[in-house]
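Walk through this chain from its overall form down to single residues. Keep the model open alongside the text.

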Amino acid sequence: MLLQRWLPRPSARLRLLCLPPAGGSATLYRSWATRLPADVELYAVEPPGHGSRYHEPAVTSMTELAGQVATAAAELARRPLALFGHSMGALLALEVGRLLRDTTGRPPAALLVASIDAPEPSDADPVDLTSLPDSYWRPRMVELGALDSRTTGDPALMEMALAMFRADLVVMSGYRPRRADPLRCPVRVYAGVTDPTVSERGLARWRRECPTDFQLARLPGGHMFFRDDPTLLLARLAADLDAGRLPAELGAGRPAPY
């Protein structure tokens with residue numbers, strides 16, 4: 001199953017689709033389902049080769065992965081649908097948002113991204129991240145907080161985490177950011193104040209997607225600033241997704257019958 005839903009909320013006014021970072025799975029967002037406002041229904045993407053789909057062949061391109069997610073999310077978009085992505089998941093959220101806009105004629109209700117600079121279109125070949133060995137990535141993943149103590153203490157779990165991360169490196173190595181019209185939906189950016197992977201300038205570039213409705217929030221912590229305690233981020237998300245703060249017409253479609 002590509003989309004996970006742990007707490008159905010049939011009367012929710014807004015759906016929030018969360019996309020995981022490189023090497024991550026849908027379970028990163030599982031605890032959010034009961035902590036978001038009662039009028040927000042949470043879905044999370046479980047990519048092939050990750051989490052509960054670990055034994056399936058992983059997707060090898062951003063284009064293919066975005067297409068699969070956009071197809072699966074098309075029904076969700078019959079109600080206002082906001083997209084949240086962390087790190088690589090933020091880039092995927094951008095591509096999914098563009099596909100949904102192009103196929104439905106409406107942008108997402110909001111684009112919410114965390115812990116990554118906005119991509120810049122370039123004609124240069126992407127950097128081949130797959131050439132770097134596990135001996136480079138293992139300490140890097142620990143440093144960035146991408147692995148919890150349970151995973152680092154279990155060799156089998158560590159190998160699974162590295163396998164998922166390697167699969168996503170293939171996706172990232174082939175990703176070519178493309179030039180496209182701005183989404184023109186509310187854009188909210190979140191990043192840890194000590195995250196070494198982002199820059200103020202790069203985070204501010206997300207403004208291009210909606211110059212008139214853009215906010216950037218720096219929160220305590222590093223790259224995975226919300227892993228151990230998402231309270232601050234969830235409070236910020238709840239405020240940013242508040243009905244009074246999102247234009248009612250954005251993402252609004254014919255209500256789904258379920």
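Accessible areas here come from the Shrake-Rupley method with a 1.4 Å probe. On that basis the chain exposes about 11,700 Å². Carbon and sulfur atoms supply 54% of that area. The model is a predicted one.

Start with the overall fold. The chain holds seven helices and seven strands. Along the sequence they follow the pattern β-β-β-α-β-α-β-α-α-α-β-α-β-α. The radius of gyration is 17 Å, close to the 18 Å that the globule rule gives for 258 residues, so the chain is as compact as a globular protein of that length. Its C-alpha trace spans about 50 × 40 × 35 Å along the principal axes. Of the 258 residues, 50% count as buried. Among contacts with a separation of 6 or more, 82% are between residues 24 or more positions apart.

Now turn to a pair of helices. H3 covers residues 134–143 and H5 covers residues 155–173. They pack at an angle of about 105°, and their axes are 11 Å apart. Angles of 65 to 115 degrees count as roughly perpendicular, so H3 is roughly perpendicular to H5. H3 brings Asp-134, Trp-137, Arg-138 and Met-141 to the contact. H5 brings Met-158, Ala-161, Leu-162, Phe-165, Arg-166 and Leu-169. By class, the contact has seven nonpolar and three charged residues, and no polar ones.

Next, look at strand E7, residues 214–219, where Gln-215 is found. Leaving aside residues up to four places away in sequence, Gln-215 touches Val-187, Arg-188, Val-189, Arg-236 and Asp-240. Val-187 is 28 residues from Gln-215 along the chain, yet their C-alpha atoms are separated by 6.6 Å.

Finish with two serines in loops. Ser-87 sits between strand E4 (81–86) and helix H2 (88–104). Its phi is near 55°, a positive value in a residue other than glycine. Buried means under 20% relative accessible area. Ser-87 has 14% relative accessibility, so it counts as buried.

Ser-115 lies in the loop between strand E5 (110–114) and H3. Phi is positive for Ser-115 too, near 65°, and this residue is again not glycine. Ser-115 has a relative accessible area of 1%, so it is buried. The loop that holds Ser-115 leads back to H3, the helix that packs against H5.

How values were computed. Residues numbered from 1 in each chain as written. Predicted model: local features only at pLDDT ≥ 70, side-chain atom pairs only at ≥ 80, totals over all residues. Heavy atoms only, no water. Axes fitted to C-alpha atoms, helices over the stretch in contact; angles between N-to-C directions. Helix = DSSP H or I, 4+ residues; strand = E, 2+ residues; numbered from the N terminus. Parallel < 35°, antiparallel > 145°, perpendicular 65-115°, else oblique. Contact = heavy atoms within 4.5 Å. Nonpolar A, V, L, I, M, F, W, Y, C, P; charged D, E, K, R; others polar. Rg over C-alpha atoms; globule rule 2.2 N^0.38 Å. Buried < 20%, exposed > 50% of the residue type's maximum accessible area, 1.4 Å probe, protein only.
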